[in-house]
Structures are given as C-alpha cells and as structure tokens.
Amino acid sequence: MSINKKWTIVSAVVVSSALLTGCGLFGGDEKEQIDPPQSVTYTEDGEVITEETAGAGEEVEEVSSLQTELYLVDKNGYVVPQTLQLPETNSVATQALEYLVENGPVTDLLPNDFKAVLPADTKLSVNVKDGVATVDFSKEFNNYQPEDEMRILDSITWTLTQFDTIDEVKLTLNGNEMTEMPVNGTPIGESLTRASGINLDASDVIDITNTKPVTVYYLGGAEDNYYYVPVTKRISNETNDNVVAVVNELADGPNYGSNLLMDMNNDVQLLDEPKVENGTVTLNFNEAIYSTFDDEEKMISQHLMNALVLSLTEQKGVESVAITVNGEAGFSNENGEIITEPVTRPEKVNTGSF
C-alpha cells in the first residue's frame, strides 16, 4: 500500500517525523515524541517512577540512563524497534532482554499498542564471549503461544545484536542447548543472526531456496503516530545489485493487507546504476521522487528519505545515502531545508523524536 497521494496529511504530521538536518537522519532540536510514554525517573535501585506514581512533593534521586532499542510487538504483530531510556548498567545485554519480559520492568514504558514478547516471569542470564551471546532461560520461557514463536526469535536476535560485541545468539533452557523452539519446533540451528531477517515476508516467493534476504523499512502505525517497521523480503539469488533490489522493493511497497505503508510514487525510477564509494551510495532518480508536482519546489518526502536511508544502510558497506535527481544534487525537506550532503543512519531507530 502506498501513501503517495497523502502529501498534505504527511506534511501535517511532520512534528512527529524524522527531520533531516545537515548530514544526519534525525538531527536538529529535540522534537515532540511520537506517542510518548509517561515522564519517567529511575531510583537508584532501578524502580520506575512516573508522573502518576510519584507522590506530591516526593523527591526522587535520579540515575543515569541510556538509549536502548527494544524489539517489541505492535498491534499488527510486527516486531518493531522502539528506543527507550533504560537505567544505566554494566549488563546492557541482560537488561535489554529483561525489558522484553511481559509484565516486567518495561510495562510503564511501553508505547501504546505495543507489547513485550517474552513470557511473564521468565528469568534469564546472558553470557557474551567472542561475539556470541548465550542466553539461558528459566522454564517459564515455554509459556508462549505458537504463533509468537518467530516473533520471539526475531526480538531476541535483533535486540541483542544491536550491541557491537554481539554478532550471534545461542539459546539454552535451564542450561540445556536449544536446537529448536520448545512450543512450535522452529529450528534454531547453531546460532541466530540478523542474516535470517525479521518479519519475514515470503508471500510472493514460490521457491525460497533460490532466494536471498533483503530488509527494507515500511511505515507502521497511524497518521498521527508513524514508526518504521523492518520487513525482510526474499529476492532472487540471480540479483546482482542488492541496492537496486532494495529500491525496487520500496517502490513496489508492502503487500496489500499488511497494514503497512510506503511513501513512494510508483513512477519513481533509478536513472543510473547506484554507485557506492567510501561507504556512501549515490542514487540518481527521475523527478517522480519529488513529493509535489511544483517544478519550483524540489521536495522529497521525509518518510521516503528515512525509509531509503534505513533500508539501504542495512546493506554491507553502506553507511550513508546521497540523492541526485536527473544528475543534480540538492533537494529540500519538509522544513524547507536544502539537503546537499549524504544522509547517515541514526544510531537508534524509532526514538520517539520523530
């Protein structure tokens, strides 16, 4: 589904959108949060104090916090990164998974229409060695619905591999290695990595054995509350240029009935082969990339630019995206700012500042 006919509506929610300033994707002054959680303060022991739970005149000693991506499940069943402020700790991997436990410490921080993925009361430990995180779960880990099995695997894998020291994930249950998930039998193999993808969509694939994954970002949520959803599509092994494949998948848009959106005109085309140099991929589009029909206003939709940057920087060796139109650099964003430099990926996704 596309939202390329809703330019006026999209512009109206730009306060809740990522704003391109300079060379970054989400730069500029702090913006109003999308669907922000209550104002949160942490006590020294990590207890969450909200505006509602704090007593009148109560003084709470604040502790440092850090931004962490938690891969939570939205109301449509997609596993989505949501960046939340968690208490500072030396055990960031363990803490991140503990905040994925239903009815656990994440409860007061959950954005509307999102839920945690690990069964309630699950206890866990994480041991990281040589790039591999081994996670041991208590018996409560077994208490999930079969349809949630892939979501749990996606959430654990992508939450842990956000950390530079973790490339792979292994799972154990009460100290015993898991080669498959306990409820629905999904194979785990030797380890879990991001190479398997997330929110896998193979609906258009007949022979999955002759394909490879690419992950693209579509829009989820509603008009006043958009966020970016990673979806792994399967493309032919014969495809030589993954960058072109990513652009084509974005142009095709998400599957009908997916409840996802894409802010890209179907007439958008690449005029030249993409060039990757020093981590920057340069894309030369036709004028259909612009979000208006005004020849004087060369504006590219904020959501489209964000989706391009998030999707293309999933590709190995791509760190930033430069766009030209008919070979000419320079376009405006929805704030009227002229963008002439490559745009980099943010450190965190769906931070609440867009």
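# Briefing: salt bridges, sheets and backbone exceptions

R151 has a relative accessible area of 23%, which makes it partly exposed. Its side chain meets that of D148 in a salt bridge, at 2.7 Å from N to O. The model is predicted, and the structure holds five salt bridges.

**Salt bridges**

- R151, at 23%, is partly exposed.
- K139 and E140 join their side chains in a salt bridge, with N and O 3.3 Å apart. K139 counts as exposed, at 55% relative accessibility.
- E328 and K298 also form a salt bridge, and their closest N and O atoms are 4.0 Å apart. This pair links distant parts of the chain, since the two residues are 30 residues apart. E328 belongs to strand 15, while K298 sits in the loop between strand 13 (280-285) and helix 5 (302-312).
- E328 has a relative accessible area of 52% and is exposed. K298 has a relative accessibility of 36% and counts as partly exposed.

- D167, E168, E177 and E190 form a negative surface patch.
- D167 is located in the loop between helix 3 (149-160) and strand 8 (168-173). With a relative accessibility of 52%, D167 counts as exposed, because exposed means over 50%.
- D164 is also placed in the loop between helix 3 and strand 8. Its relative accessibility is 78%, so D164 counts as exposed.
- D164 and G131 are 33 residues apart in sequence, and their C-alpha atoms are 8.4 Å apart in space.

- Four strands make up an open sheet in the order 6-7-8-9, and the pairing is mixed. Strand 6 and strand 9 (176-177) are the edges; each has a single partner strand, so one side of each has no neighbour in the sheet.
- Strand 7 (residues 132-137) pairs with strand 8 in the parallel sense, over six bridges.
- F137 is placed opposite L173 of strand 8.
- In a regular strand, side chains alternate between the two faces of the sheet.

- Strand 12 (residues 275-277) and strand 13 run antiparallel and are joined by three bridges. In this pairing, K275 stands opposite T282 in strand 13.
- The two strands form a hairpin with two residues between them. N278, in the turn, has a positive phi of about 55 degrees.
- Strand 13 and strand 14 run parallel and are joined by six bridges. L283 stands opposite I323 in strand 14.
- Five of the six residues of strand 13 are buried, so this strand is mostly covered.

**Positive phi outside glycine**

- D121 is not a glycine, yet its phi is positive, at about 70 degrees. D121 is found in the loop between strand 5 (114-115) and strand 6 (124-129). At 53% relative accessibility, D121 is counted as exposed.
- N326 is likewise not a glycine and has a positive phi of about 55 degrees. Its place is the loop between strand 14 (320-325) and strand 15 (328-329). N326 has a relative accessible area of 42% and is partly exposed.

**Points to find in the model**

- Where do the two partners of the bridge between E328 and K298 lie? E328 is in strand 15, and K298 is in the loop between strand 13 and helix 5.

Methods: Residues are numbered from 1 along each chain as its sequence is written. This is a predicted model: local features need pLDDT of at least 70, side-chain atom pairs count only at pLDDT 80 or more; totals for chains, interfaces and linings use all residues. Side-chain values use heavy atoms; hydrogens and water are left out. Buried means under 20% relative accessible area, exposed over 50%, partly exposed in between (1.4 Å probe, protein chains only). Patches are made of residues with over 30% relative accessible area and no salt bridge: like charges are joined within 9 Å, nonpolar side chains (Val, Leu, Ile, Met, Phe, Trp, Tyr) within 5 Å. Accessible areas come from the Shrake-Rupley method with a 1.4 Å probe; for residues, only the protein chains shown count as cover. Lys and Arg count as positive and Asp and Glu as negative; His and the chain ends are not counted. The place of a charge is taken as NZ of Lys, CZ of Arg, CG of Asp or CD of Glu. Two strands pair if DSSP finds at least two bridges between them.
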